[in-house]
Amino acid sequence: MLELRAITAGYDRHAPVVRGASLTVAPGEAVGLLGPSGCGKSTLARVAALLHRPDAGAVLLDGAPVRGWRHRAPRALRTAFGVVFQQPRLSADPRLRLADLIAEPLRATGRRDALPERVAGLAATVGLTPDLLLRRPHEVSDGQLQRACLARALVLRPRWLICDEMTAMLDASTTAALVTAVEDYRRTTGAGLLAVGHDRTLLHRWCDRTVHWKALGARADGSVPV
Ligand SMILES: Nc1ncnc2c1ncn2[C@@H]1O[C@H](COP(=O)(O)OP(=O)(O)OP(=O)(O)O)[C@@H](O)[C@H]1O
């Protein structure tokens, strides 16, 4: 179980953007998080993925409170999360060919066993042809790069997937392909999903339940329309 308990977080301790938000995702469950622009969804998603340390509150994994964040989180916890962000160009190293981009977490964790087979298998899962794997980010479309970013997020076989507006910039067919790839992965692994977005129809179709920001118990700070 992934539990966020009364999370307060932000970029200035005196003016947090998230205040007292609570949310749970069970293993195998797909939870959608909807809310207006700027309310703090991405900040909360980064806390859930152990990428942003909250100012208050707790993140629990299978009942155990998380104590370290980012590089201070134990490797076994860090690699339990696969994260896909909205803008692939901000999260992809422009020097890497797509095959190396997908393999990056495997190399970083020293897990080079069966690397080419794993990359080829994931590329097929997300709909990338072998010729695209040889190109660098500036030689592919946003949708193709996002497919590679999803493959990279899956390469360590995470137990939890955090998709933060993963399809917001993409057309309907790429959106459908990426959602199908996530669901195929979840069906075979039992991974839990937190999908953040604005598209109510997509999240309702995709997820087991969709939570609105207002239902997280988050307190308004007077400036954010919750
Ligand atoms: N790195 C940062 N430094 C300072 N403020 C930030 C930073 N990132 C986000 N913010 C601010 O925190 C608030 C919440 O941003 P966040 O991205 O979490 O909202 P969101 O609900 O995901 O928005 P959107 O739906 O538009 O992506 C916003 O007011 C934003 O300007």
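Axes here are lines fitted to C-alpha atoms, for helices over the stretch in contact, and angles run from 0 to 180 degrees between N-to-C directions. Helices (H or I, at least four residues) and strands (E, at least two) are DSSP runs, numbered from the N terminus.

What you see is a predicted model, in which local features need pLDDT of at least 70 and side-chain atom pairs count only at pLDDT 80 or more, while totals for chains, interfaces and linings use all residues. Residues are numbered from 1 along each chain as its sequence is written.

I'll start with two helix pairs. Helix 5, residues 115–126, packs on helix 7 at an angle of about 130 degrees, and their axes are 9 Å apart. Helix 5 and helix 7 are therefore oblique to each other; angles under 35 degrees count as roughly parallel, over 145 as roughly antiparallel, 65 to 115 as roughly perpendicular and the rest as oblique. Residues are in contact if their C-beta atoms, placed from the backbone, lie within 7 Å. Helix 5 contributes Leu122, Ala123, Thr125 and Val126 to this contact, and helix 7 contributes Arg147, Leu150, Ala151 and Leu154. By class, that is 6 nonpolar, 1 polar and 1 charged. Ala, Val, Leu, Ile, Met, Phe, Trp, Tyr, Cys and Pro count as nonpolar, Asp, Glu, Lys and Arg as charged, and the others, Gly among them, as polar.

Now the second pair. Helix 4 (98–108) and helix 7 (142–154) pack at about 25 degrees, with axes 7 Å apart. That angle makes helix 4 roughly parallel to helix 7. On helix 4 the contact residues are Leu98, Leu101, Ile102, Glu104 and Pro105; on helix 7 they are Ala148, Ala151 and Arg152. This contact has 6 nonpolar, no polar and 2 charged residues.

Strand 4, residues 56–61, pairs with strand 5 over 2 bridges, and Leu60 stands opposite Pro65.

Last, which residues are around the ligand? They are Tyr11, Val17, Gly35, Ser37, Gly38, Cys39, Gly40, Lys41, Ser42 and Thr43, where near means a C-beta atom, placed from the backbone, within 6 Å. This shell divides into 3 nonpolar, 6 polar and 1 charged.

Definitions and conventions:
Two residues are in contact if their C-beta atoms, placed from the backbone, lie within 7 Å. Two strands pair if DSSP finds at least two bridges between them.
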